[in-house]
Each structure stands twice: as C-alpha cells, then as structure tokens.
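Keep the 3D view open while you read.

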Amino acid sequence: MNFFAVALQAGTSPDINFPLILPEMIVCGVAVLVMFLDAFMRRSQRWVTGGLSLLGLAAGAAATIWLWTRGAGSLGTFNGMIVLDEIRLSFTLVVIFVSALTVLLSVVWVEGEHLPAGEFHSLLLFATSGMMLMASGGDLVIIFLGLEILSIATYVMCGFRRTDLRSNESSLKYFILGSFSSAFLLYGIALVYGATATVRGSGVVAGTTNIAQIGERVMAGDIMYPALLFAGAAFMLVGFGFKIATAPFHVWTPDVYEGAPTPVTAFMAAGPKAAGFASFLRVFIFGFPFVGAVASASSATNVHDAWLHALAILAIITMSVGNVAAIVQNNVKRMLAYSSIAHAGYALVGFVAAGAATDATQRADALAAVAFYMLTYAVMNLGAFAVVTLIARQNDRRTEVEDYNGIGFRAPALSFTLSIFLLSLLGMPLTAGFIGKVAVFASALNVGSSAPAASSLYTILVVIGVLNTAISAYYYLRLIIVMFFRERTTEWAVPRIPASMALVLVITILGVFYLGLFPGRVLDAFKRKPASGAVTQIAR
Amino acid sequence: MLQDNLLTILILLPTVGALALIGHGLFWKRENDYRWIALLFSVITFALSLLLLTRVGENSDAAFRFEQKTLWIGAIGSYYHLGVDGMSLWLVILTTLLVPVSILSSWNSIKKRALSFYVFMLILESAMIGVFVSLDLLIFYLFFEASLVPMFFMIGIWGGERRIYAATKFFIYTAVGSLLMLVGIIALYYIHQQQAGAGTFDYLTLLDALKSGRVVITESSAFWIFLAFAFAFCIKVPLWPLHTWLPDAHTEAPTAGSVILAGVLLKMGTYGLLRFNLGLMPEMARRFAPYFVVLAIIGIIYGALVAMVQPDVKRLVAYSSVSHMGFVVLGIFSFTEQGMQGALYQMLNHGVSTGALFLLVGMIYDRRHTRQISDFGGLATPMPWFSTFFVIASLSSIGLPFLNGFVGEFLILLGTWLSTGFSYNWVATMIAATGVIWAAVYMLWMLQRVVFGRIRHGENARLSDLNAREVGLLIPLLILMLVMGVYPRPFLSRSRESVVAVQQRVTKSTGAAGSFSVEVQENKQR
Amino acid sequence: MQEFRLEAYLPILLMFIVALGFAAGNILLSQLVGQRKQTRTKLMPYECGKDPVGSARERFSVKFYLIAMIFILFDIEVIFLVPWAVVFKQLAAQGAMMRNLVYVEMMIFVALLLVGYIYVVKKGAFDWGERARREAEAEARALKDMQKGREPSTNARAA
C-alpha cells in the first residue's frame, strides 16, 4: 500500500521515523558516495573505495546495534512497511558481516583481475542495502523492492569478469532464472493481495500486502478468497525457494556459483541466502501464522499446515539433493555450491520448527537458531571461499579438485585453515558449524517434544538431517584427503597471502572457533527483543 | 588449586603442548625438538593424571571426584561439567600412559611431517581425556567427535598403502553413529524439559531425575534413544557386524595410531555403553541384553576365527581386538558385578596387551618393512629381547594366568555364568569361553611362525634386536601386565563402587524381577 | 462543470512557447557557438547514424545501446516526477512537515539523478572515444585538403 496514498487518505500526520531505517540509509548513502568517488578516482586509488565501503558497513552495523540496544521509539514505521524486531536486526548484522568480509576478500582480487574496484564496491553496497531492506520489510512490496535491488546488483556482479565466458554464462543464467523467480514472487504477492480482501461492516475492504495485516486477516478467517491465498502462498514459496536455493528450485545454483568470480560466489552463498531466509521467515511465519486450536478447519490452519508440510518436504529434498549431488562434483566451487544447497536444507529444518512452534518462546528460539545458522554458515563459507580464491589464482583457473592435489604440506597454513572450514561445514564439534546444526536440530526436536501428535515428523526431519551430515562427510573429507593424503606430482607455487586476505582468514578462523566454543552470547543476543518505546536505557 | 582444576589441566595441557609445538615449528624449525616437546608434555600429563588417585581411593564410593561445573552455553543450557569416578579413572590413566609410549614408539619411524604428527597426537590426547571425564552429554559428544579428526589425519597422512580408504571409512562409520547419538542427546534434553521444566544435558541431573522418577522416558522414546546411543558406541567398540572399519583402520594406521586406536578409542565405545546406555536407560538395557550378548559372542568367535587365517600380523592383532572387545560387551551386559568389573578390567588389559602387540609389530615393521607372517620365522635367534616381549604380550592377550588377560576374562566369564539377565547364560558362557581357546590357537600359531622355528629368510638373520628406547617403552606395559595379572586389587577396588552403582541401577530399576536383585545380593556377599 | 475560460489554458500556451523556444534556441545556439568540422560522414545524407549505401546487415556500435539504455533510464526516472507533481499540492496542504518532507525527498531523488549523470559522464559513456575523435579530425583535414585540390594525405575513412 502506497505510503503517500495512506497519508492522503488519512489526512493525519505521517507515520515517519527515520532513525528506524538509519542502517539502510547509511549503507545506501555510502554506496552512492562510493559510486560518485569512483568516477573521480584514479586507478591506483582503488583501496579508497574499499576502505570507504568498510567504514560505511561498520557505521551501518553500529546503527543496527544502536537500534537494538537503544531503540528508535517504535517497532515499526511508514505504516508498517518497515519493522523493527530481532529477526531484522540479527539478519541485518549477518548481512553486513558478509558484505564487509566480501569487501576485504575482493580488494586484492579486483586489483589482480584488472576490474573496476569502485563499481564492484558500490554494487556490493547496493546489494547489501537491498538485503537489509529484505530483512526489515514488513510489507511484501518492500521485500520485493529489496529483493530486486539485491538481484540486479548481483546479476552484474556475477558477470563482472566480462571477458570470461563462464562468468558471462553465470550472469545470464542468473539473470534469466532470477527474473523468472521474481515474477513468481510478484505474482504471489498480487494473488495474496487479491485474496486478503475482506468485508468490514457494509463495504469491501481492499486486500493488503502488509504482513502483519495479512496475518491478522488470515487468523480472523474472514478473507474473501481463501483459494487465492493458497495459490499466492505457493507462488511466493517458489519465489523465495529460488532465492535461498532449495531443491527443486536450485538448478541455477551450481552453474551460477561456478561461473561467478569466486569472491562473488562467496558473497552470494552467504549474503543473499541469509536475506532470503529473513524475508521468507517473516512472510510465512507472521503472514500465515500458526493458530493452534482456534477455529477448526479455518483457512488459517489450512494454509499454515500446507506450507509447513511443503517446507518440511522441501527441507528433506534440499538436504538430500544438495549432499548427494555434491559427492560427484569435481570442481570445488561447484561442490561448495551444492553444499550451500544442503545448508539451506538444514536451515529449513529450523524454519519448519519456527513455523510449527506453539508458543512465542519456542518460536523465538527457532528463529534465533536460523539466524545463528546463517551466521555460522557465512563465517565458514566465506573462509572457505577465501582460500579457494587464493588457490584459484587469476581468472579462477585452479578450481578443480585435482588442483588441490597434495598442497597440504606445501602451503600448510592455507590447507589447514581450509580443512578447519570444511570440518566446520561438516559440523564437527568445537567449530561453529556444530553449534549451528545443534541449534536448528534442537529447535525442531523441541517443537516435536511439545507436539506429541506430530513429533515423529520432526524427529524424522532431524534424523534425515543428521544422516545427510554423514553423507556430507564424504565430499568435505575428499578435499582434505586430496590436500593432505596425496602427493603432488606437478609444479605448484605457494600463493602469496595478501594482508587483506590474511585478515579475512584470521577473522573467519576466530569466528569459527568463537561461535563453536562460546556461542552463548551471540545466541542470546539474537533472541533479544529490540528496545521499544522511547529511547530508553536497557536494564542490564 | 592444582587439584581443583586437575581435569581441566589434564585436558588442556596436551593442547597447550600442541600450540607450543606449532609455535616452536614456526620460529625455530628444528625437526629434532618436536618429539622431545611432545614427549615432555605427554609425560607431564601422565604424571599429573596420577594425582587422580589421591581422591579416588580404594573402596571409595561411586561419587564423582574432581568435579568442575561452569556454564558453557547458557542459551542451550550446556555446562562444562567434568568429573572422575572409579570407572573413568583408570581409562584416563591408560590414555595418559599410552600417549607418551606411542610418541616414543614413533621416535624414529615418523620422519616426514613430524610436527603435524605430534600436534595431532597431543590434540587427540586432549580429546580422549575429555571423553572419559565429561559429565555433560554435549561436552561428551564434543570430545567424542573431536577425537575423530586427529585420528583421521594420522591414518591418512602417515598410514600404509590403503590409508585413504581406511581413513575415510573410519571417519564416516564413526561419524554416522555419533551423529545419531547427537539426536538422542538432544531428545533427552527435551524430554527433561518437558517433564522437569528445564532442559539439561547434565549427566548427573538427568540421572537424578530418572532415578527419582521425576522424569520418565516413555518406552518408545527410550527404545529409539537407547538404539541411537548404542549404535554410536557399538560402531566404536566395534561390535560385530559393525566392525568392518576396524581391521582396515588398524592395519593402515601408523604404529602409534594403532596403539591409540586399540588402546583408547575403542574403549570410548564400551565406556559409553556402560555409562550412558546402562546408566540412563536401564530398562532398555535389560530388554536389549540378549541381543547384545548374542552379538558379542558372535564377535568373539568370529574375530578369533578370522584372526587365525590372517597372513598379516597387524591384521591378526586387529581382528583379535574384535574378539576381545566382544568379551568386554559380554561382561557389560551380564549385569553382574563380576562381569562388569571384568569388562572394565578387560578394557584396561586390552589397552595394555594389544597396545604392546601393536608396538612390537611396528618395531619389526620398521626393520623389515613387511608384516606378512610368511616373511618371518625364527626371530628368536637374532632378536631375543623382541621375542621375549612378543611372547609375553601374546600370552597376556590370550589370557594366561598370572598375566592381566586372565583376570579380566575370568571375571567376565564368571559374571556371565552368574548372570540372570538373559536365559541360557551357561550356554553363552560356554561358547564365549571357547573364544579363549581360539585366542590361544591364533596367537600361538602366529608366534610359532614368526618367532620360533628356523630362519627361513636370510634378511631376518641380520635383524638388530630392540634398542634401549624400544625396551624402555615396552617395560612399563610389561610391568603392568604382570602387576594386573597378579594383584588386581588396586584396580578393581577403586572401580568397584561405581560399577556396582550402574549394575544396581540396571538390576533394580523399576520392573526388575525380584529374584534378580536377590541374586545380586548374593553375588555381592560372595 | 466550470465555465470555459481561455485564461485557464494560458499555462499550455506558455508551455508551447517554452518548448518551441527550447528547440529553436538550441539549434540557433549550436549554429552560433558550435565548431564546424565538416567530415565526409557528416556531409552524408542522414540515415540514423549509419551508412546510407551498402549492406543493411551491419553491426551497430555498442555505444548506441548504451546511449539508448541511459536515455531510457533517465527518461523513466523523470516520469516519476509527474505523479509527484500531481499530488504535491494536496500533500503540501497537510502542513509544513509533510511539505518539507515531500519536497526534500524529491530533491534527494533529483540529486541522485545528478550523481548518476555525473557518473555516466565521468565514466565516458558519452565519450565516443579518443580514436573516433582523432579519426573524425583526420577526415575533416582530408576533406579540407581535397577541397583545396590536393591529394588526401591519409586514407582516413571513419571506421
């Protein structure tokens, strides 16, 4: 619903709270600034744009934390188009973290590939602002807007190595299939808008795209076209499913990830996936909420059951397809692409748990678990891709598994860090991946234990997740085996690790162990509600 | 101070050693120092672990000593909770003993990438100690899994011909099992949350709640949770038919790796069965006992028969492990004090004897670069010291009276005979007892072909005998074999109350047959 | 229904005048100020930027697409001004805060357009390239030489 139209109709003072979108504004503004500076910059000064981007992201993160701890006076603004809750804040932080690491990852890389750094950084920041909007949108339209900002920037970034055919292919494929999925999402939004028209008093009230209002109307059970609601929800499921790469909407992932420049792949696997989860969660959990024992066989219970079961099945398919297909890959980037599909499946387990939660605490736990999972995935995934970037050299030439043959003791630092990331992706204890998996699986079992009737469903979901983890051991270990247990026969020069790259590796390694050993603080923080009301001090 | 944090120190010290090694490697790069640093740290750890004996005295009760409890992850409700009782005490000490021994055994044989080898060894030691002393299920799982990685690298990097296959198989087998256990652990957490208000991973809290009946695991849940735990542990033990990773892993691993694998890693499985399966779900343990007994007996006989026909000495010892660990499982599921004490004792025996056997096999492999039985023969002439040790270790493995193996196996068989946990216990005992005979057959036959007889290959005549280092590292094991065979009291009396507590829990838990506990009382008086 | 008053259409008349003036003014201005460099290409009959004679299956310079895209971008963005202008009065009537807000927002929008424009200029999207300019100049010189009756110094046909 157009904000100004509301303002026109209402004729009251507008519901505007700019501090609430401070992080988005900062990142967007810095993106414009970077673009502008880039126009005046000489080629030798590319680190300036990188540095500026980092500063901007840091400011955005600071603003997010400020929103979280101090609050901005209300929990929503622009008539509910922007909301302020722990999902938004936690995912925003994840997304900013991913972008910041991608900047670090790319500083030297752009140099080496002779690419325009400023453009890359501004595109990255635009994509970030899109992702932040996806996390903060309380309205389907805002979410779509964020999605498009993100997607368009990512399409370009995929094809950033203009002279490389694989990169072109990746970009074009992503563009065509991405537009296709956006259309699905948009159509779903339109259908939901149509479906949620309702009768109030004597007249018909038009539909809504506001998620909270959709939720209310669905709960009340007085929407005019329940059948359309199902169709709309299904279309949106497909649209979001594409963005987070759930099977069977995953087919674009391997090709796009393989062809895109490695730092971009790292970014895409971690950032847009997290943002996609943020809005996916918000739309389905708050838009089509669980209503427990209310109103038997109302449209609300039906639509909730429908998407919950659909997602449970999707989670199973996604985990299995991702892991099984990853086993047969011979390209490391492709393998990590399939592994990212599998990880989307694990996170979906938490999603299902959040959807099935019967009380607010359980739901908050499950939502925090998914956000935490995305954070852990971002950390280990970016770390792994950092090493892959280093080993790939210019033009992403060395990305086959054979290129890793026997490099273990030639470049022990790189190989051991990569092994740690792989073990973390596998979910070995003491690493972030383990706690992430425990968190999502635990939330599913938690829901199962409090809903005895359906408990076997959740147990099965978790058991399949666990068995998939075991399958994944095979391909993660394969890379370790190739690196350490084989001998290299051909010449191989140890890649030099530039300072920015070293910083990325140090941050991600520390992150992997910090989240693996002391995840408590982060988990608690992700569950914390933002300070509401006036700007008040949080009691500590 | 030292005493209060002893367990933490024991866990961290090897890791600190590993970090020190890495630091040393980064700055000095002196290849010859690595082994000394590793040895230093492992010996200190061993010395410190002996301090555990100060609080777990003879005839001490079943309570946990050296307890430490700090909140680890508040959001999940997991505590860093450590403690040692009579059951874990000796396993910890066995671990800390075997690590320096295996470091010594790799003194000259690990030449390439020595730094990484010792780093992995020390990290492995931390993980192994952690497994035996953790009292929080999540922490236990953490160490249980963490022990996989260094071993995986050790087999894969320093192993034999088929090391990649063996390492992958080892990792995936064990990971599958333990991941299912993770599901079981989380399920227990939420069962406790459902019934007692707050979820917990804490072993003692769970045990208390279950004992007092505040928390009752429904039968179907208990069934699956028990299976999840049992699956993980049985792969680790390994119980027939889940044993197939073991011969490969043992054979391909470097000597030190085999020693640690056989000596400690396998015990994690039986320890887990004893501590968690029996402790937390005694009814299910009773229900499943007949199946376990049958599988254990099949394992005993099968392991022995297969060992007999192995042409490779190391593989023979590996299969003998399957057989011996079958005895341990049999003892555990006899649910009698004798049987379970025997099982615990047999774990230690197996660690010592099989460890020694692997060390000896490694020593001749270093000299001859072959392990085929047919390549040897008549080693007694050129290598008298070696042959003496080899014969003693083999006899101990067979279970000759006055050597450690006898005590363990005798107790287990006695316990099985007295057991009322399953019918036809005397049949089980008799079949299992033939396992001892088979052991004698394969071991003695192997000895005859390797140590005695004529020298059939010229190279063997020129083999040098054990040097001082090798004798030195075998002596402690040899002394242990004799002491444990002659004077088991200090060992058994320390573990007794803890074992009896578990046994009582199984036999007396709700729904136990009356005659069952009477029988147990009689046993105790005897 | 309001009474027909011709004065009401005064703005439209003004609009026409401004439009005419803008068009005529630009032509005049370029006639007066612009430099005249006669090249053979320029002297050719106008045919949408391509040779009027020869094969029709010719490849366009990629520049054309760029120009077209930039044109569409700016064109569409300017369209956003129209709805804003339509409701501005109504919104502005709601008080100073709303008025300022709506005004400032549009100014930010325009400023962003300007940033985009500057970016495009600096990135050289309107620059037909050093090489093209040099070729055009060479051609002009050649043309001048030809008019003076000499042989062309270089064979400078525009690529």
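## Chains and helix pairs

Of the 540 residues in chain A, 61% count as buried (a residue is buried if 20 or more other C-beta atoms lie within 10 Å of its own, exposed if 12 or fewer, and partly exposed in between, with C-beta atoms placed from the backbone). Keep in mind that this is a predicted model, where local features need pLDDT of at least 70, side-chain atom pairs count only at pLDDT 80 or more, and totals for chains, interfaces and linings use all residues. As for the naming, residues are numbered from 1 along each chain as its sequence is written, while chains are lettered from A and ligands numbered from 1 in the order in which they are written.

Chain B has 526 residues, and 62% of those count as buried.

Helices (H or I, at least four residues) and strands (E, at least two) are DSSP runs, numbered from the N terminus.

How does chain A compare with a globular protein of its length? Its radius of gyration is 23 Å, close to the 24 Å that the globule rule gives for 540 residues, so chain A is as compact as a globular protein of that length. The radius is taken over C-alpha atoms, and the rule is 2.2 Å times the number of residues to the power 0.38. Chain B has a radius of gyration of 22 Å, close to the 24 Å from the globule rule for 526 residues, so chain B is also as compact as a globular protein of that length.

Now for who touches whom. Two residues are in contact if their C-beta atoms, placed from the backbone, lie within 7 Å. Among the 2 pairs of chains that touch, chains A and B have the most contacts. Their contact takes 30 residues from chain B and 26 residues from chain A. On the side of chain B that touches chain A, the elements giving two or more residues are α6 (137-146), α7 (148-158) and α8 (163-196) of chain B. The largest share, 17 residues, comes from α8(B). By class, this side of chain B has 23 nonpolar, 4 polar and 3 charged residues (Ala, Val, Leu, Ile, Met, Phe, Trp, Tyr, Cys and Pro count as nonpolar, Asp, Glu, Lys and Arg as charged, and the others, Gly among them, as polar). Chains B and C, on the other hand, do not touch, and their nearest C-alpha atoms are 44 Å apart.

Next, let's zoom in on chain A. The axes of helix α2 (residues 22-40) and helix α5 (residues 117-136) of chain A come within 8 Å and cross at roughly 165 degrees. Axes are lines fitted to C-alpha atoms, for helices over the stretch in contact, and angles run from 0 to 180 degrees between N-to-C directions. α2(A) and α5(A) are therefore roughly antiparallel to each other (angles under 35 degrees count as roughly parallel, over 145 as roughly antiparallel, 65 to 115 as roughly perpendicular and the rest as oblique). The residues making this contact include Val27(A) and Ala31(A) of α2(A) and Leu125(A) and Met132(A) of α5(A). By class, the contact of α2(A) with α5(A) has 12 nonpolar, 6 polar and 3 charged residues.
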